[in-house]
Amino acid sequence: MATGPLERVLESIENASRAAARPAARLVAVGKTREAGEIAALAAEWAALRPGSTLAFCENYVQEAAPKVAALEGSGIEWHLVGHLQSNKAAQAAATFDWVQSVDRPRLVRALAAARDPERPLNVLIQVNVEGEAGKHGCAPGEVPDLAAAIAAEPALALRGLMAIPEPHPDFARRRDAFAAMRALHARLREAHPGAGTLSMGMSADYELAIVEGATMVRIGTALFGPRSTGDST
Ligand SMILES: *Cc1c(COP(=O)(O)O)cnc(C)c1O
């Protein structure tokens, strides 16, 4: 039987995790512009390969995700938001997603907490601008402790760890440096917040390197769905 992309990616994740002597990193499939039907097909493939476990699926925009989440209600998918989130969309995000990976400022912490039922806390990751890139979202590494304390103080939020989207340097040594800096930051965070065990970093081109450098969650689009089409309406 032919091996599909999902099976190949899961195998690569498991091999890289084993080589790093760590539990298998979690895959989050990234949809970009994928339609609900394509996501449902992936969920079916997932259920066949990993019966009983939950598919995590990532969207970049709240408004694009909301109708897909509604259409796929009951499919058991765990929905993650990874894109920049404006505070005025926090209420919709809190109602739509199971995880928000892009929390990077106190105002957003308050807005998400105010909109979420504390009986069902929202899982959040702090997004870190680890290389200090100008104009890039994410908090500065030095802001992580205060932001983590603010999240931990909100019963409606569950602090789960850190997320980064480092620059895709052609030079992999530089990518490795960024991943290693995140790993060190994450280790410090866990001293104060033992439950914040997630380190989300690594995409199609570099997830194996990210796992070697400590990623526990990788976000993968292209390797699952093929290259993003530009201007292709089919
Ligand atoms: C698109 C995207 C990914 C996945 O990227 P691929 O290279 O397609 O695997 C991961 N994280 C974020 C934040 C993204 O926007």
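The buried residues of helix H5 are covered by elements that include helix H4 (90-96), strand S4 (99-103), strand S5 (122-127), helix H6 (144-152) and strand S6 (157-163), where contact means heavy atoms within 4.5 Å, and helices (H or I, at least four residues) and strands (E, at least two) are DSSP runs numbered from the N terminus. This is a predicted model, in which local features need pLDDT of at least 70 and side-chain atom pairs count only at pLDDT 80 or more, while totals for chains, interfaces and linings use all residues. Residues are numbered from 1 along each chain as its sequence is written, and side-chain values use heavy atoms, with hydrogens and water left out.

Within H5 (residues 106-115), Leu108, Val109, Leu112 and Ala113 are buried, that is, under 20% relative accessible area, whereas exposed means over 50% and partly exposed lies in between (1.4 Å probe, protein chains only). Seen down the axis of H5, these buried residues fall within an arc of 130°, so they line one face of the helix; the arc is that of the directions from the helix axis to the C-beta atoms. The face turned away from this buried side carries the exposed residues Arg107, Arg110 and Ala114.

Rings of Phe, Tyr and Trp (its six-membered ring) pair if their centres lie within 6.5 Å, with planes under 30 degrees apart counted as stacked, over 60 as edge-to-face and the rest as tilted. By this rule there are two aromatic pairs.

| Pair | Centre to centre | Between planes | Geometry |
|---|---|---|---|
| Phe57 and Trp79 | 5.7 Å | 70° | edge-to-face |
| Phe57 and Phe225 | 6.3 Å | 75° | edge-to-face |

Phe57 in strand S2 and Phe225 in helix H9 (residues 222-225) are 168 residues apart in sequence, so their pair ties those parts together. Phe57, Trp79 and Phe225 form one aromatic cluster.
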